[in-house]
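Here are some exercises to work through with the model open beside you. Try each task before you read its solution.

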Amino acid sequence: MAVTVRVIPCLDVADGRVVKGVNFLDLADAGDPVELARTYYEQGADEVTFLDVTATVEGRATTYDMVRRTAEQVFVPLTVGGGVRSVEDVAKLQAHGADKVGVNSAAIARPALIGEIADRFGAQVLVLSLDVKRSPRTESGFVVTTHGGRTETDLDALAWAKQAIELGAGELLVNSIDADGTKAGYDLELTRLMRELSSVPVIASGGAGKLADFAPAIEAGADAVLAASVFHYGELTIGEVKGALTAAGLDVRS
């Protein structure tokens, strides 16, 4: 039986507004997060992801009211990331309507956080968010960054992904910083390598620019494709992406 491919719009949020840049820089306003999330739900999005891109940098929690207002209008799984540092943060996000949480910087600083969240809420709640750059400093050629792509770590991206899965991560959100916002296509090599090591679903992120970019990411091993600016600026709709995936012989939800 074919696995159903998911199409996930991502809303990068700063100061209560959706923003988008290139390689995580020069962020520009792209609209109201609740309105955009409702539009994508109506278009047929399988999930919606919110990433508060300045929460960790500013040392604060994510915007709970925004999560609550979105959950009241969007009836597909809602993933929220940014500023999640403890099981208490996860509990509060769930109380406001989040179905899953994304963790990145805090898990790198304290890997035990992954196990704590998975043990209390289940691995299916925990999405490991990986902001990855190409680097000659690591064995795989890929390094993990933190703080919205601003800080490069010494962690090999593939080794860290494998460790995080062993600790309890239930899904990998793999975002290529090099491809992010460029609209030049997903990093298929990165997607392929993550698929080879992962026993959990892989979400490809970063670089979607045209309909022809989506199917190759699935063929490279992704279980879901995530995109932002092509949806925010009305260049593509969820339905058009699903149509392209269907035309490529892939199974999507109608």
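Buried means under 20% relative accessible area, exposed means over 50%, and partly exposed is in between (1.4 Å probe, protein chains only). The model is predicted, so local features need pLDDT of at least 70, side-chain atom pairs count only at pLDDT 80 or more, and totals for chains, interfaces and linings use all residues. Residues are numbered from 1 along each chain as its sequence is written, and side-chain values use heavy atoms, with hydrogens and water left out.

**Exercise 1.** Classify aspartate 187 and its salt-bridge partner, arginine 134, by accessibility.

*Solution.*
Step 1: A salt bridge is a side-chain nitrogen of Lys or Arg within 4 Å of a carboxyl oxygen of Asp or Glu. Here the N to O distance is 3.1 Å.
Step 2: Aspartate 187 has 12% relative accessibility, so it counts as buried.
Step 3: Arginine 134 has 41%, so it counts as partly exposed.

**Exercise 2.** Find what the salt bridge between arginine 6 and glutamate 171 ties together.

*Solution.*
Step 1: The closest N and O atoms of arginine 6 and glutamate 171 are 2.6 Å apart.
Step 2: Helices (H or I, at least four residues) and strands (E, at least two) are DSSP runs, numbered from the N terminus. Arginine 6 lies in strand E1 (residues 6–14) and glutamate 171 in strand E10 (residues 171–176), so the pair ties together parts that are 165 residues apart in sequence.
Step 3: Both arginine 6 and glutamate 171 are buried.

**Exercise 3.** Classify arginine 137 and glutamate 152, whose side chains meet in a salt bridge.

*Solution.*
Step 1: Their N to O distance is 3.0 Å.
Step 2: Arginine 137 is in the loop between E7 and strand E8 (142–146), while glutamate 152 is in strand E9 (residues 151–156), 15 residues apart.
Step 3: With 47% relative accessibility, arginine 137 counts as partly exposed. Glutamate 152, at 36%, also counts as partly exposed.

**Exercise 4.** Describe how helix H7 (residues 157–167) and helix H8 (residues 188–197) meet.

*Solution.*
Step 1: Their axes come within 10 Å and cross at roughly 35 degrees. Axes are lines fitted to C-alpha atoms, for helices over the stretch in contact, and angles run from 0 to 180 degrees between N-to-C directions.
Step 2: Contact means heavy atoms within 4.5 Å. Ala157, Leu158, Ala161, Lys162 and Ile165 of H7 make the contact with Leu193, Met194 and Leu197 of H8.
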